[in-house]
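Let's take a tour of a protein model, one piece at a time. Keep the structure open beside you and look for each part as we get to it.

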Protein chains: 2
Amino acid sequence: MPKTEIFNLTPRPPSPLGEERSGSRGMRGERSGPDLDEKIIAALERLSHVLRTLLWEEAVESRLSPIQIQTLIYLSSHTRDLCRVGQLAQEFGLTPATMSDAVASLEAKGLLTRTPAHDDRRAQTLRLTAKGRRSAEKLSHWAEALHESLAQLPQTEKAQALKFLLTLIEALYRAGVITVARICLTCRFFRPNVHRNSQAPHHCALMDKPLAERDLRVDCPEHEPVAASS
Amino acid sequence: MPKTEIFNLTPRPPSPLGEERSGSRGMRGERSGPDLDEKIIAALERLSHVLRTLLWEEAVESRLSPIQIQTLIYLSSHTRDLCRVGQLAQEFGLTPATMSDAVASLEAKGLLTRTPAHDDRRAQTLRLTAKGRRSAEKLSHWAEALHESLAQLPQTEKAQALKFLLTLIEALYRAGVITVARICLTCRFFRPNVHRNSQAPHHCALMDKPLAERDLRVDCPEHEPVAASS
DNA sequence: GCGATATAATTAGGAGTCCTAACCTTCACC
DNA sequence: GGTGAAGGTTAGGACTCCTAATTATATCGC
């Protein structure tokens with residue numbers, strides 16, 4: 001007998017929510033798109049699974065849990081802002097409780113320090129130790145296998161693909177599915193397609209520099225969201 | 001005090017493996033690529049997280065665990081071959097034990113039947129019940145939010161993106177990172193770029209039909225892997 | 001100023017995911 | 001017909017992530 005309980009044993013309620021949602025896609029009059037969309041999602045799912053697996057393997061190897069790895073990497077690449085537990089939780093879409101746990105064990109291992117923030121003593125300022133920085137350096141290669149496969153693909157296609165993925169993330173952000181997205185497309189400093197007939201058609205008003213597709217950022221430290229229009 | 005044990009409390013060994021791997025990317029002489037690759041991976045990570053979250057939400061709503069949902073959907077779209085536990089395990093990259101558990105609870109809920117296979121009575125033939133098919137129908141909308149965002153993007157870019165994602169999956173397959181991939185690019189019937197100057201440059205030797213980028217399959221029921229060349 | 005409320009973080013406890021190890025059964029081969 | 005391999009199940013353990021309750025601090029209202 002299986003040992004799980006809630007998902008396995010609870011009799012299924014008559015799914016009132018299921019009824020509401022069941023027709024929602026078919027109702028939109030889509031022109032020949034859904035099949036293609038289906039395929040893209042399936043492909044993303046496969047890649048998603050690859051990422052999870054690679055991260056898990058790194059976790060076993062390094063004796064750090066997946067969240068701990070991600071936290072370490074995040075901290076090592078966001079040195080300018082003083083990170084706090086709640087912020088990290090939002091970043092990774094976890095509850096503060098889960099994050100707190102991960103941070104506590106990183107501290108126990110001497111990879112980061114937790115000091116009360118000067119401006120708000122409820123909050124904790126998180127900082128990597130030297131040891132933590134060294135670990136983060138090694139861990140940053142967890143997706144190495146993906147890197148190697150990507151390295152074989154042509155630059156121009158990759159630039160296009162990046163643009164596509166960012167556009168998709170933007171759409172998800174606007175739909176409220178993603179709450180944190182520091183990408184150019186959702187930034188108040190971004191001016192799309194202002195340099196016509198140029199290799200670098202977009203522009204960043206903060207850096208005052210033209211941007212090519214491949215310059216678009218996924219996680220810009222200077223990102224400021226567009227003012228809510230509604 | 002955190003309650004986790006291995007990842008949290010075990011002192012980190014001097015990571016012999018870490019040393020080996022640490023320099024592997026930097027050593028390849030890459031021309032201006034790594035930054036772009038980095039970004040693509042970061043974007044894929046974000047989307048990966050979205051997928052996991054959506055699946056989890058569907059799980060809570062439907063009182064089915066994520067694996068159970070994926071199993072149901074898989075069975076409903078692979079009716080032609082008689083599925084077995086081990087096959088599903090390999091499909092999802094799980095151990096047979098994990099899969100067996102999920103199947104057992106689906107059976108307990110009356111969503112599928114397990115009957116000994118006629119040709120091998122160790123094996124179990126899995127078949128959805130009518131109730132299971134109805135559930136699968138509803139569950140197939142778990143990625144609805146992603147569909148809605150995708151629906152806003154232009155067809156041509158999506159076709160390009162699909163091609164790119166499939167090429168990446170192919171590279172991962174050849175690298176051995178992915179073990180199951182029923183995509184055209186890894187199929188013995190696939191003939192890439194045989195129809196020059198055509199909207200549909202590729203060809204499927206099984207269906208004997210030209211294929212456009214958007215016709216490429218992610219999960220073809222007729223897929224047969226290319227013969228191992230080594 | 002001081003109490004009420006809100007917020008940052010932690011702790012405790014529980015369900016789910018996924019694994020390894022051990023086992024049973026059936027098949028296949030000699 | 002026995003031995004080893006393969007399909008599957010069970011048991012048990014570690015990790016992920018959650019909710020709820022708690023503590024400490026900040027902020028707001030009077």
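This is a predicted model: local features need pLDDT of at least 70, side-chain atom pairs count only at pLDDT 80 or more; totals for chains, interfaces and linings use all residues.

## Helices H5 and H6 in chain B

Start with two helices in chain B: H5 (residues 66-77) and H6 (residues 85-92) have axes that come within 12 Å and cross at roughly 110 degrees.

Which residues do the meeting here? From H5(B) come B:Ile67, B:Gln70, B:Thr71 and B:Tyr74, and they meet B:Leu88, B:Glu91 and B:Phe92 in H6(B).

What two things do you need to describe a pair of packed helices? You need the angle between their axes and the distance between the axes. Now try it on chain A: H5 (residues 66-77) and H7 (residues 96-108) pack at an angle of about 75 degrees, with axes 9 Å apart. H5(A) and H7(A) are therefore roughly perpendicular to each other. The H5(A) residues A:Ile67, A:Gln68, A:Thr71 and A:Leu72 meet A:Ala102, A:Val103, A:Ser105 and A:Leu106 in H7(A).

Hop over to chain B and look at H5(B) with H7(B), residues 96-108: they pack at about 75 degrees, and their axes are 9 Å apart. So H5(B) and H7(B) are roughly perpendicular to each other. On the H5(B) side you'll find B:Ile67, B:Gln68, B:Thr71 and B:Leu72, which meet B:Ala102, B:Val103, B:Ser105 and B:Leu106 in H7(B).

## Chain A in numbers

Time to zoom out. How many helices and strands does chain A have? The count comes to 10 helices and five strands. Chain A has 230 residues, and 32% of them count as buried. Look at the contacts in chain A between residues at least 6 apart in sequence, and you'll see that 46% of them join residues at least 24 apart.

## One face of H8

Next up is helix H8 (residues 130-139) of chain A, where A:Gly132, A:Ser135, A:Ala136 and A:Leu139 are buried. Looking down the axis of H8(A), you'd see these buried residues fall within an arc of 100 degrees, so they line one face of the helix.

A:Ile73 is a handy link to this helix. A:Ile73 sits in helix H5 of chain A and touches A:Ala136, A:Leu139 and A:Ser140, leaving aside residues up to four places away in sequence. A:Ile73 and A:Ala136 are 63 residues apart in sequence, yet their C-alpha atoms are 5.3 Å apart in space. Is A:Ile73 buried, exposed or partly exposed? It is partly exposed, because 16 other C-beta atoms lie within 10 Å.

A:Leu112 belongs to strand S1 (residues 112-116) of chain A. With 23 C-beta neighbours inside 10 Å, A:Leu112 counts as buried. Residues that A:Leu112 touches, not counting those up to four places away in sequence, include A:Leu75, A:Leu106, A:Leu126, A:Leu128 and A:Gly132.

## Where the chains touch

Nonpolar side chains tend to be buried together in soluble globular proteins. In this model, the largest nonpolar core has 92 residues, and the members that touch the most others are A:Ala43, A:Leu165, A:Ile169, B:Ala43, B:Leu47, B:Leu165 and B:Ile169. Pick B:Ala43 and look across to chain A: B:Ala43 touches A:Leu162, A:Leu165, A:Leu166, A:Ile169 and A:Val218.

A:Lys39 touches B:Leu162 and B:Val218. Why does A:Lys39 count as buried? Because it has 23 C-beta neighbours inside 10 Å, and the cut-off for buried is 20 or more.

## Two asparagines with positive phi

Most residues other than glycine have a negative phi. A:Asn193 goes against that, with a positive phi near 50 degrees. Find A:Asn193 in the loop between strands S3 (190-191) and S4 (202-204) of chain A. A:Asn193 counts as exposed because it has 9 C-beta neighbours inside 10 Å.

In chain B, look at B:Asn197, which has a positive phi of about 50 degrees although it is not a glycine. B:Asn197 lies in the loop between strands S3 (190-191) and S4 (202-204) of chain B. With 5 C-beta neighbours inside 10 Å, B:Asn197 counts as exposed.

Definitions and conventions. Residues are numbered from 1 along each chain as its sequence is written. Chains are lettered from A and ligands numbered from 1 in the order in which they are written. A nonpolar core is a set of buried Ala, Val, Leu, Ile, Met, Phe, Trp, Tyr and Cys residues joined through C-beta atoms within 7 Å. A residue is buried if 20 or more other C-beta atoms lie within 10 Å of its own, exposed if 12 or fewer, and partly exposed in between; C-beta atoms are placed from the backbone. Two residues are in contact if their C-beta atoms, placed from the backbone, lie within 7 Å. Helices (H or I, at least four residues) and strands (E, at least two) are DSSP runs, numbered from the N terminus. The arc is that of the directions from the helix axis to the C-beta atoms. Axes are lines fitted to C-alpha atoms, for helices over the stretch in contact, and angles run from 0 to 180 degrees between N-to-C directions. Angles under 35 degrees count as roughly parallel, over 145 as roughly antiparallel, 65 to 115 as roughly perpendicular and the rest as oblique.
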